[in-house]
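Dear colleague,

Please find below the structure that I am handing over to you. My findings follow directly after it.

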Amino acid sequence: VLGIPGNSRKFEIDIPIGNNRISFNVYENNKPIAVRYVFTQKLDNINWIEYAPRQFGSVQDVVTNEAVSSYYSYTKQDPLKVEVIGPTLIRVYTRIGFDYQMRGTVNYRLQVKEDGNLINTYQLTNKASEVSLFRLQKDLTPGKANKFIIFVPEGKHSYQIVPMETDKYGIYSR
């Protein structure tokens, strides 16, 4: 409808965390311009700090290539709870516990609530890790780590991570 498209141009703009307003204006000839926006998160240069949740079930150490990480178990009845002051980001790693009978992939869903209000539901898939193990719990194998990011607005906020299914072998996060 608009005619033959011209040459496309690609450029990137680094946008700081927070609320931003960006305007694009055309100063030459009044011809229509088709624009496509792609927003990507660049989390390369963030200095992540490990943070223990306020409420959890138990702690399990996961050993991966001789590095030990603490993962916290939680259930639908006893969700993982964290309090944080924003603006900031929370990076959540999550795994399922697999026993020797479980094969293939396991689908599970996690709800994230901010100050009691549902802000997101994550549909995740997990399968047993080939390089990780629980240090003290030898009858279970941790799944491969999944990751998601929670964007925390300014001020003090309370977050709950709640499994939607009841998993008999446990869900573990850090």
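The accessible surface of the protein chain amounts to about 12,900 Å², and carbon and sulfur atoms hold 48% of that area. Please note that this is a predicted model, and that every value in this message was computed from it. Of the 174 residues in the protein chain, 32% are buried.

Overall fold

The protein chain has zero helices and nine strands, so that its elements, read from the N terminus, run β-β-β-β-β-β-β-β-β. Its radius of gyration is 21 Å, well over the 16 Å given by the globule rule for 174 residues, and the chain is therefore more spread out than a compact globule. The C-alpha trace spans about 70 × 40 × 30 Å along its principal axes. Among contacts with a separation of 6 or more, 68% are made by residues 24 or more positions apart.

The hairpin of strands 1 and 2

Strand 1 (residues 59-64) pairs with strand 2 (residues 67-74) in the antiparallel sense, over six bridges. Within this pairing, Val62 has Ser69 of strand 2 as its bridge partner. The two strands form a hairpin with two residues between them. In the turn, Asn65 has a positive phi of about 50 degrees. Glu66 lies in the loop between strand 1 and strand 2, and its phi is also positive, near 70 degrees, although Glu66 is a residue other than glycine. Is Glu66 buried or exposed? With a relative accessibility of 79%, Glu66 lies over the 50% cut-off and therefore counts as exposed.

Strand 2 has a further pairing, with strand 9 (residues 171-173). These two strands run antiparallel and are joined by three bridges. Here Tyr74 stands opposite Ile171 in strand 9.

The pairings of strand 8

Which strand pairs with strand 3 over 14 bridges? That strand is strand 8 (residues 146-163), and the pairing is antiparallel. Val82 stands opposite Tyr159 of strand 8. Strand 8 is also joined to strand 4 by five bridges, again in an antiparallel arrangement. In that pairing, Lys113 stands opposite Gln160 in strand 8.

Backbone points to check

Most residues other than glycine have a negative phi, and most peptide bonds are trans. Against that background, a few places deserve mention. Gly86 and Pro87 are joined by a cis peptide bond, with omega about 10 degrees. Pro87 is located in strand 3 (residues 80-98), the strand that pairs with strand 8.

Asp115 is not a glycine, yet its phi is positive, at about 50 degrees. This residue is found in the loop between strand 4 (105-114) and strand 5 (117-127). Its relative accessible area is 42%, and Asp115 is therefore classed as partly exposed. Glu66, by contrast, counts as exposed at 79%.

With kind regards

Terms used: Residues numbered from 1 in each chain as written. Predicted model: local features only at pLDDT ≥ 70, side-chain atom pairs only at ≥ 80, totals over all residues. Heavy atoms only, no water. Pairing = 2+ DSSP bridges. Helix = DSSP H or I, 4+ residues; strand = E, 2+ residues; numbered from the N terminus. Rg over C-alpha atoms; globule rule 2.2 N^0.38 Å. Buried < 20%, exposed > 50% of the residue type's maximum accessible area, 1.4 Å probe, protein only. Contact = heavy atoms within 4.5 Å. Areas by Shrake-Rupley, 256 points an atom, 1.4 Å probe, with all protein chains shown as cover.
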